[in-house]
Amino acid sequence: MQPETRRFLVLGRVGDNSLHRSWIADRTVARNWDLQLNAYAKDVSRCQDGDLPPVFDYGTKWDSIARHFRANPDLLDRYEYVMLPDDDLLMAAGDINRLFDIAVEHDLTMAQPAMTIESYLSHAVVLRMPGFRLRYATFLESMACCIKSSYLRTLLPMFERHFTGWGTDLIWAMLMRAPAYRAAIVDAVPMTHTRPLYSGPIYDTFAEGKVDPHEEVRSLMACFENHPRGMHVYGGYLNDGRRVGAFEARIRNAVGLFNIAGRSKLPWNTARLGCAMLLRAFTRMGYQPEQLRAVAGSEMAVLGIGAPPRHPGQDRRAAGGPVSLAGVAEKHLTGGMSA
């Protein structure tokens with residue numbers, strides 16, 4: 001019998017070598033979340049330790065998650081937030097508790113734990129920054145995002161059509177109405193990504209299905225006309241509870257990146273992001289994210305995702321997209337960093 005007061009759900013996409021047992025290893029912690037496993041494991045015995053019955057789905061992460069909630073829509077009514085972690089993450093039960101608590105406390109629509117310095121990573125912006133409780137950001141990685149259930153419901157059509165997940169993390173923190181201060185990297189909650197990049201079984205699935213995830217990035221980016229270019233940190237809270245604006249947050253973040261660059265698994269990119277943040281502390285002081293506007297006639301416009309185009313009557317290109325977005329997509333594809 002599980003407590004009826006658990007407000008949150010962790011839906012883990014897990015395989016035969018999953019690390020999800022680390023999430024529930026500390027039995028002394030009273031969890032505020034239920035665990036359900038959406039499994040692609042061949043050994044079903046490895047996926048029987050959740051609080052809810054496991055679901056076995058041998059697709060990719062995002063189309064499997066979309067099917068999971070289409071088949072069980074009551075989950076999005078029952079739980080306030082859902083966390084969607086990969087199975088190669090080391091996390092502690094108490095830390096996951098704290099992620100949900102902080103999301104509620106700060107009325108976040110999206111949140112993610114910060115990555116420890118030992119982690120394999122694609123983007124240094126998600127590295128854990130000393131001194132911060134959380135940083136408001138335009139980019140949250142798809143690896144372990146926590147999403148308000150009402151907002152997750154609106155994203156499912158995108159997951160169904162862009163099931164590699166590539167590119168969704170470049171836009172999903174800015175698809176909600178009034179996105180400023182609604183998405184954050186939570187430095188108070190650490191996680192460690194243990195698997196080298198591009199080495200998971202999902203990449204075999206892409207190859208077998210002849211799916212080009214790079215093309216999915218381009219396709220998604222082409223659907224929006226006002227992406228800010230780059231991954232912005234524009235405010236946050238320090239460990240002492242003091243709120244800081246964009247200038248101080250970027251200066252502190254830049255210094256933190258310089259201090260840890262040599263120990264990062266991406267030292268050059270980490271240092272380069274620090275330089276970019278330092279520059280933008282002075283050049284983009286007033287920046288706040290706005291809801292992304294869908295290009296008229298694009299796939300996302302048809303789905304009603306994002307804001308309507310500024311000039312709906314104008315004929316804009318849906319294929320290829322505005323030239324100004326090319327740099328953003330290319331940085332994502334190459335693992336490049338930007339502030």
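**Exercise 1.** Determine how the span of helix H8 compares with the expected one, and where its buried residues lie.

*Solution.* Helix H8 comprises residues 246-260, 15 residues in total, and extends 21 Å from its first C-alpha to its last. This is close to the 21 Å expected at 1.5 Å a residue, where the expected span is 1.5 Å times one less than the number of residues. Helices (H or I, at least four residues) and strands (E, at least two) are DSSP runs, numbered from the N terminus.

The model is predicted: local features need pLDDT of at least 70, side-chain atom pairs count only at pLDDT 80 or more, and totals for chains, interfaces and linings use all residues. Residues are numbered from 1 along each chain as its sequence is written, and side-chain values use heavy atoms, with hydrogens and water left out.

Next, the buried residues of H8 are Ala-246, Ala-249, Arg-250, Asn-253, Ala-254, Gly-256, Leu-257 and Ile-260. Buried means under 20% relative accessible area, exposed over 50%, and partly exposed in between (1.4 Å probe, protein chains only). These residues cover an arc of only 165° around the axis, which puts them on the same side of H8; the arc is that of the directions from the helix axis to the C-beta atoms.

**Exercise 2.** Classify the ring pair of Trp-62 and Phe-159, and state how the two residues are placed in the chain.

*Solution.* Rings of Phe, Tyr and Trp (its six-membered ring) pair if their centres lie within 6.5 Å; planes under 30 degrees apart count as stacked, over 60 as edge-to-face and the rest as tilted. The structure holds eleven aromatic pairs. For Trp-62 and Phe-159 the centres are 4.5 Å apart and the planes at 40°, so the pair is tilted. Trp-62 belongs to helix H1 (residues 61-71) and Phe-159 to helix H4 (residues 149-161), 97 residues apart.
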